[in-house]
Amino acid sequence: MEILLKRINCNIIFYLSRKLLEQQSGEDLGVLDEIRMTSNLVHISSSGEPKYITSGFRSIALLSKERELKLNVFELLKMKSSEEKNALSFLIDNYFTELDTYIRLTELVKKHARFETVNYLPAIQSALDMQYRVLVEHKKEVQEHFGKWKLNVDLERVFGYPPPKPQINIDQKLLDTRRPIKTDKMATKTNKMPLLTKKEVDYYLLNTVFGIDLTTLNNKT
């Protein structure tokens with residue numbers, strides 16, 4: 001699971017917002033910009049190594065992001081067929097949490113990087129838009145396979161027990177086969193057929209279905 005999460009939070013471009021940190025701390029953190037800890041776009045490689053953005057060419061590395069996330073879907077489906085239910089519920093819950101976090105992060109980056117970072121380049125904007133779009137599309141794909149599973153996890157978290165199965169109300173009239181069929185009383189009286197005895201039915205089946213000549217039976221039962 002650590003490898004799957006790494007494919008979400010690595011090979012990505014982001015930055016720490018000095019403005020946001022100052023709002024949280026109430027202090028002037030301009031010194032963090034000077035040491036390039038904040039307000040600098042950084043590319044985190046697939047191996048987790050940070051590299052400061054110095055040109056638009058760095059964004060080419062993001063082209064493999066979609067392929068990496070497709071591999072995640074494949075791995076999750078394999079786990080679905082082999083993992084115990086509770087264990088998989090825990091993994092899927094953590095996966096969606098990580099994915100939602102980085103969808104929100106990349107959304108903020110693509111909207112505010114041009115205003116809040118010192119090394120922003122117009123050539124990098126398409127990459128910032130792309131990494132957000134790829135993560136959003138990936139979530140849609142994961143939801144197709146695990147959306148109901150995640151919903152059950154959320155309901156169990158809220159209510160503390162598995163959600164009740166939905167009850168389907170069906171008109172009992174449609175199910176009650178014992179309900180008599182209305183017929184014309186006069187037609188029933190005039191067209192009423194005599195009932196056959198069990199013996200007559202047996203003889204009829206022997207003759208028509210099995211081809212046995214009843215005259216040869218004599219007194220045989």
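Modeller: A crossing of two helices is left-handed if the near helix is turned anticlockwise from the far one by less than a right angle, and right-handed if clockwise. By that rule, α4 and α5 cross in a left-handed way.

Biologist: Good start! What should I know about the model itself?

Modeller: This is a predicted model, where local features need pLDDT of at least 70 and side-chain atom pairs count only at pLDDT 80 or more, while totals for chains, interfaces and linings use all residues. Residues are numbered from 1 along each chain as its sequence is written, and side-chain values use heavy atoms, leaving out hydrogens and water.

Biologist: Why are α4 and α5 called roughly antiparallel?

Modeller: Helix α5 covers residues 85-116, and α4 packs against α5 at an angle of about 160°, with their axes 11 Å apart. Angles under 35 degrees count as roughly parallel, over 145 as roughly antiparallel, 65 to 115 as roughly perpendicular and the rest as oblique. The pair is therefore roughly antiparallel.

Biologist: Which residues make that contact?

Modeller: With contact meaning heavy atoms within 4.5 Å, α4 brings N72, L76, M79 and K80, and α5 brings L88, L91, I92 and Y95. By class, they are six nonpolar, one polar and one charged.

Biologist: How do you know that α1 and α4 are also roughly antiparallel?

Modeller: Helix α1 (residues 2-9) meets helix α4 (residues 65-80) at an angle of about 155°, their axes lying 9 Å apart. That angle is therefore in the roughly antiparallel range. Here, too, α1 passes α4 in a left-handed crossing.

Biologist: What makes up the contact of α1 with α4?

Modeller: L4, R7, I8 and N9 come from α1, and K65, E68, L69, L71, N72, E75, L76 and M79 from α4. These residues divide into six nonpolar, two polar and four charged.

Biologist: Let's turn to the loops. What makes the phi of N11 worth a look?

Modeller: Most residues other than glycine have a negative phi. N11 is not a glycine, and yet its phi is positive, about 50°. You will find N11 in the loop between α1 and β1 (12-14).

Biologist: Why does N11 count as buried?

Modeller: Buried means under 20% relative accessible area, exposed over 50%, and partly exposed in between. N11 has 2% relative accessibility, so N11 counts as buried.

Biologist: Where is S39, and what is its phi?

Modeller: S39 sits in the loop between α3 (30-34) and β2 (42-44). Its phi is near 60°, again positive in a residue other than glycine.

Biologist: And how do you know whether S39 is buried or exposed?

Modeller: Its relative accessibility is 4%, so S39 counts as buried.

Technical notes:
Axes fitted to C-alpha atoms, helices over the stretch in contact; angles between N-to-C directions. Helix = DSSP H or I, 4+ residues; strand = E, 2+ residues; numbered from the N terminus. Nonpolar A, V, L, I, M, F, W, Y, C, P; charged D, E, K, R; others polar. Buried < 20%, exposed > 50% of the residue type's maximum accessible area, 1.4 Å probe, protein only.
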